[in-house]
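Here is a short briefing on one protein chain. Please look over the sequence and structure before reading on.

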Amino acid sequence: MAVKNFVVASFDDEAVLFPAVKKVRTAGYKIHDVYTPFPVHGLDHALGLRETSLHTAGFIYGITGTTTALSCMSWVFNSDWPLNIGGKPHFPLPAFIPITFELTVLFSAVGMVLTFCYLCQLMPFVKKHIFHPRQTDDLFVMAIEVTPKTNAEELKAFLASVGGQQINEQKAEAGWWYGRYDREDRLFEQKAGTVNA
């Protein structure tokens with residue numbers, strides 16, 4: 001992952017944060033993310049984030065579960081082990097409904113949870129940079145990426161004018177990476193006396 005520069009400002013009230021987000025976007029700055037202690041209604045639209053497609057993924061997983069259940073049971077009763085049970089049909093759809101329903105719900109639920117974890121980058125040993133120790137406790141924190149066209153000092157002054165507090169500049173990984181928070185990870189550090197093959 002690339003290390004980037006960020007200007008970070010904290011806000012103590014959502015009534016100050018919401019207009020600040022709109023003003024920062026209108027000024028043309030690139031907001032990396034906004035961290036809040038509770039969901040702020042409408043903030044995703046103010047940030048310009050698109051609607052989630054998790055419901056579409058859930059529908060696809062559900063259809064996959066339905067298809068898997070019906071095709072597996074029809075294969076078992078028609079091809080693999082056909083039995084004549086009192087002259088009943090080999091494809092008794094009403095008898096398949098409970099298992100079909102259960103596999104539909106199972107595939108949909110498990111698939112949506114895994115998709116949600118992937119989209120939110122929630123996995124074991126995944127680290128993300130913490131811009132402020134109180135960013136999800138009692139402060140609202142806005143991280144703005146400093147691009148080559150951005151003047152960091154002007155951005156700090158602009159954030160102060162829109163109500164930002166504790167404004168500072170930080171270097172951080174732009175995304176997520178594998179590691180632990182209790183120690184510094186240097187994955188590609190060469191040990192003394194070793195030579196690359």
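How far apart should the end C-alpha atoms of helix H1 (residues 14-26) be at 1.5 Å a residue? The 13 residues of H1 should span 18 Å, and the end C-alpha atoms are 18 Å apart, which agrees. The model is predicted.

**Helix H1**
- Leu-17, Ala-20, Val-21 and Val-24 are the buried residues of H1.
- These buried residues fall within an arc of 105 degrees seen down the axis of H1, so they line one face of the helix.
- An α-helix has 3.6 residues a turn, so residues three or four places apart point the same way.
- Ala-15 and Thr-26 are exposed on the other side of H1.
- The cover over the buried residues of H1 includes strands S1 (3-11), S2 (30-35) and S4 (140-145). Helices H2 (43-47) and H5 (152-161) are also among the covering elements.

**Salt bridges**
- The count comes to 5 salt bridges.
- Lys-4, Lys-30 and Glu-145 are linked in a network of salt bridges.
- Glu-145 and Lys-4 meet through their side chains at 3.5 Å, N to O. Glu-145 lies in strand S4 and Lys-4 in strand S1, so this pair ties together parts that are 141 residues apart in sequence.
- Lys-30 and Glu-145 form a salt bridge at 3.4 Å, N to O. Lys-30 lies in strand S2 and Glu-145 in strand S4, so this pair ties together parts 115 residues apart in sequence.
- Glu-145 is buried, at 11% relative accessible area. Lys-4 is partly exposed at 29%, and Lys-30 is partly exposed at 48%.
- Asp-138 and Arg-134 form a salt bridge at 2.9 Å, N to O. Asp-138 is partly exposed at 39% relative accessibility, and Arg-134 is partly exposed at 36%.

**Ala-172 in strand S5**
- Ala-172 sits in strand S5 (residues 165-173).
- Its relative accessibility is 4%, so Ala-172 counts as buried.
- Leaving out residues up to four places away in sequence, Ala-172 touches Ala-2, Val-3, Lys-4, Phe-6, His-129 and Phe-131.

**Surface patch**
- Leu-106, Phe-107, Val-110 and Leu-114 form a nonpolar patch on the surface. Their accessible area together is about 350 Å².
- Val-110 belongs to helix H4 (residues 93-119).
- Val-110 has 44% relative accessibility, so it counts as partly exposed.

Terms used: Residues numbered from 1 in each chain as written. Predicted model: local features only at pLDDT ≥ 70, side-chain atom pairs only at ≥ 80, totals over all residues. Heavy atoms only, no water. Patch = residues over 30% accessible without salt bridge, like charges linked within 9 Å, V, L, I, M, F, W, Y side chains within 5 Å. Areas by Shrake-Rupley, 256 points an atom, 1.4 Å probe, with all protein chains shown as cover. Salt bridge = Lys/Arg side-chain N within 4 Å of Asp/Glu carboxyl O. Helix = DSSP H or I, 4+ residues; strand = E, 2+ residues; numbered from the N terminus. Buried < 20%, exposed > 50% of the residue type's maximum accessible area, 1.4 Å probe, protein only. Expected span 1.5 Å × (residues − 1). Arc of directions from axis to C-beta. Contact = heavy atoms within 4.5 Å.
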